[in-house]
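Hello,

Here is the structure I promised to pass on to you. Have a look at it first, and then read my notes below.

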Amino acid sequence: MNSDMPATKADLKEVESRLDAKIDGLDAKIDGVEKSLGSRINGLAGALVKTNSKMDRMEERLSALIRDESGKTAARIDAFLGKLQTYELESHMFPKTLDEHGATLRDHERRLSSIETSRTS
């Protein structure tokens, strides 16, 4: 090809042929990149699925642990409240019981005094 001369049909066919070869080479490279990206994306998708599965299992374990500990804590609180109610009831009843025992002791003391006085007389 002479640069001073106009291009002939043969020259154009040759340029077209070289461009077609380069385009075919680029198509092959693009196909290779597509396949590589496809396999990488599939690998990442698989890893993501595995990670999500692990996270789901971890969430289930943590939820179960929280439920168990919440149940234990609630049971401890219930037991403590039961004792607290018992102490509260006893603290209300203790003065009354103490007064009754005091009255009984005073009555015993009075009766013993009367018995002792009747023996000495």
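This is a predicted model: local features need pLDDT of at least 70, side-chain atom pairs count only at pLDDT 80 or more; totals for chains, interfaces and linings use all residues.

**What I found**

M58 sits in helix α1. With a relative accessibility of 37%, M58 is partly exposed.

Now for the overall picture. The protein chain has one helix and zero strands. Its radius of gyration is 50 Å, whereas the globule rule gives 14 Å for 121 residues, so the chain is more spread out than a compact globule. Along the principal axes, the C-alpha atoms fill a box of roughly 165 × 25 × 15 Å. Of the 121 residues, 2% are buried. The accessible surface is about 11,200 Å², with 61% of it belonging to carbon and sulfur atoms.

Next, the charges. The chain carries 20 positive and 22 negative charges, and their mean positions are 5 Å apart.

- Positive: K50, K54, R57 and R61 form one patch. K54 is in helix α1 and is exposed, at 52% relative accessibility.
- Negative: E16, D20, D24, D27, D31 and E34 form another patch. D27 belongs to helix α1, which covers residues 9-120, and is partly exposed at 40% relative accessible area.

How many salt bridges does a search of the whole structure find? There are four. Among them are these:

- E14 and R18 pair at 3.9 Å, N to O. They are four residues apart in helix α1, about one turn of the helix. Both are partly exposed, E14 at 44% and R18 at 45%.
- E69 and K72 have their closest N and O atoms 3.4 Å apart. Both lie in helix α1, three residues apart, which is about one turn of the helix. K72 is partly exposed at 43%, and E69 is partly exposed at 39%.
- D107 and R110 form a salt bridge in which the closest N and O atoms are 2.5 Å apart. They too lie in helix α1, three residues apart, about one turn of the helix. D107 is partly exposed at 29%, while R110 is exposed at 52%. Through shared partners, salt bridges join D107, R110 and R111 into one network.

Methods: Residues are numbered from 1 along each chain as its sequence is written. Side-chain values use heavy atoms; hydrogens and water are left out. Helices (H or I, at least four residues) and strands (E, at least two) are DSSP runs, numbered from the N terminus. The radius of gyration is taken over C-alpha atoms; the globule rule is 2.2 Å times the number of residues to the power 0.38. Buried means under 20% relative accessible area, exposed over 50%, partly exposed in between (1.4 Å probe, protein chains only). Accessible areas come from the Shrake-Rupley method with a 1.4 Å probe; for residues, only the protein chains shown count as cover. Lys and Arg count as positive and Asp and Glu as negative; His and the chain ends are not counted. The place of a charge is taken as NZ of Lys, CZ of Arg, CG of Asp or CD of Glu. Patches are made of residues with over 30% relative accessible area and no salt bridge: like charges are joined within 9 Å, nonpolar side chains (Val, Leu, Ile, Met, Phe, Trp, Tyr) within 5 Å. A salt bridge is a side-chain nitrogen of Lys or Arg within 4 Å of a carboxyl oxygen of Asp or Glu.
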